[in-house]
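This briefing is meant for a reader who is meeting the structure for the first time.

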Amino acid sequence: MRLSRRALLAATTAATSLSSASPASAADRHRKLRTGFERLAADGYALLDGQRVGIVTNPTGITRDARHIVDVMHADPRVNLVAVFGPEHGFRGTAQAGGSEGRYDDPATGLPVYDTYLKSGRPLADVFTASGVDTVVFDIQDVGARFYTYIWTLYDCMEAAQLAGKRFVVLDRPNPVTGRSAEGPVLHKEFATFVGRQPISQAHGMTVAELARLFNGEFLTAPVALDTVLMTGWRRADFYDAAGLPWVPPSPNMPTPDTALVYAGTCLFEGTNLSEGRGTTRPFELLGAEGIDGRWAAAANELGLPGVYFREAYFAPTFSKFQGKTVGGVQIHVHDRAAYDPVRTGIGLLVTAKRGWAGFAWRSDNWIDKLTGSPQVRTAIDAGAGVDEVVAGWREELAAFRRTRKEYLLYR
């Protein structure tokens, strides 16, 4: 069945010069990175010729000189841009976590902006139909973690575009924490939510174009007509600073590439009663709660986790957990990002917090199971397992996902 499905995909995915060109040739490795949008624009938007275009994007959809691509495309007569679709936090990024901007007309361009947040399936397909577009374009900066919702906006929009009979084009951008490897537990389908629709690993190590092809080949009930505009000059081992691109926070609590580096592990603290650093200038790098002192940092350092040190830290969040209260905990200092493993680090911090702080508790709704993709992490830590034992619990599922993932990788 898998082979015949991929044969079908080959027939339904257009082979264009932009999507089929090798992004990792010897010549490319000596030029600066060009994003999918840069390559699309350099080709005169030929891939969108004759199409009424709508774009799913947010503040990260920018050019190298920090102009928003919606503003650029709207001003270009070669593109018939007729609609914008905003994800969580909104197209212009005015909403906090769990919010969106709703339906409005963009003051800068006059374009109608439609809200996709928490819409999927037929209701989202109806939004695409009502917008009058022929082609839906996706261009959003991801951060490489399964529970970051933009990749599921991608998935939902692909599914809805297929239902509505629309073409789908993905403009690729770098995975800011590299595409070297997939790490962490794999989602179990019965725990599927908007922080994980399908069984991929917690740190997926893919770009959005690679994920789009994976979604089309493995998970969508019927594949969408998909084009991917790849980058040139990007290598899997590259961190974001190698791209030479400005960093725009993809969401309010993702202020820097350093945040993205730790996020795939420390976001797990959203599933606990500890602060994950929201309401500070270092979200996901600062963790803590009332009653914690320097013993947590000492215990975490004793684990000898690669590439990272932990510093005793005190902070007072301005919103979210412990708002206005001074709490104790740790600050994460990554000193060797090539060696650093965010998921293993997150597990190490959970294990030491559970063992060392009597007040530790999981969120009452077991949100940790949604974040990790199953009860395995929670139940293992509750049973007193150490880091190696917890990590061993997902080894076979991760190996299986890595084999599947390998078939969809587009860069070296």
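Which two side chains meet in a salt bridge at 3.2 Å, N to O? In this predicted model, they are the side chains of D71 and R92, and the pair links distant parts of the chain, with D71 in helix 4 (residues 69-74) and R92 in the loop between strand 2 (80-86) and strand 3 (104-105), 21 residues apart. A search of the whole structure finds 23 salt bridges.

**Salt bridges**

- D71 counts as partly exposed at 29% relative accessibility, and R92 is likewise partly exposed, at 28%.
- The side chains of D241 and R337 meet in a salt bridge at 3.1 Å, N to O; D241 lies in the loop between strand 9 (226-229) and helix 8 (257-266) and R337 in the loop between strand 12 (327-334) and helix 10 (342-356), so the pair ties together parts that are 96 residues apart in sequence.
- D241 is exposed, with a relative accessible area of 56%, whereas R337 is partly exposed, with 35%.
- D258 and R282 form a salt bridge at 4.0 Å, N to O, which links D258 in helix 8 with R282 in the loop between helix 8 and strand 10 (286-289), 24 residues apart.
- Salt bridges that share partners join E270, E276, R278 and K321 into one network.

**The largest pocket**

- The largest pocket has a volume of about 460 Å³, and of the 26 residues that line it, the closest to its centre are E88, A97, V195, E270 and R278.
- By class, the lining of this pocket has 14 nonpolar, 6 polar and 6 charged residues.

Technical notes:
Residues are numbered from 1 along each chain as its sequence is written. This is a predicted model: local features need pLDDT of at least 70, side-chain atom pairs count only at pLDDT 80 or more; totals for chains, interfaces and linings use all residues. Side-chain values use heavy atoms; hydrogens and water are left out. On a 1 Å grid over the protein atoms alone, a cavity is a set of points where a 1.4 Å probe fits but cannot get out, and a pocket is an open set with protein on both sides within 12 Å along at least five of seven lines; lining residues have an atom within 4 Å of a point. Grid points are joined across faces, edges and corners, and a volume is the space filled by probe spheres set on the points. Ala, Val, Leu, Ile, Met, Phe, Trp, Tyr, Cys and Pro count as nonpolar, Asp, Glu, Lys and Arg as charged, and the others, Gly among them, as polar. Helices (H or I, at least four residues) and strands (E, at least two) are DSSP runs, numbered from the N terminus. Buried means under 20% relative accessible area, exposed over 50%, partly exposed in between (1.4 Å probe, protein chains only).
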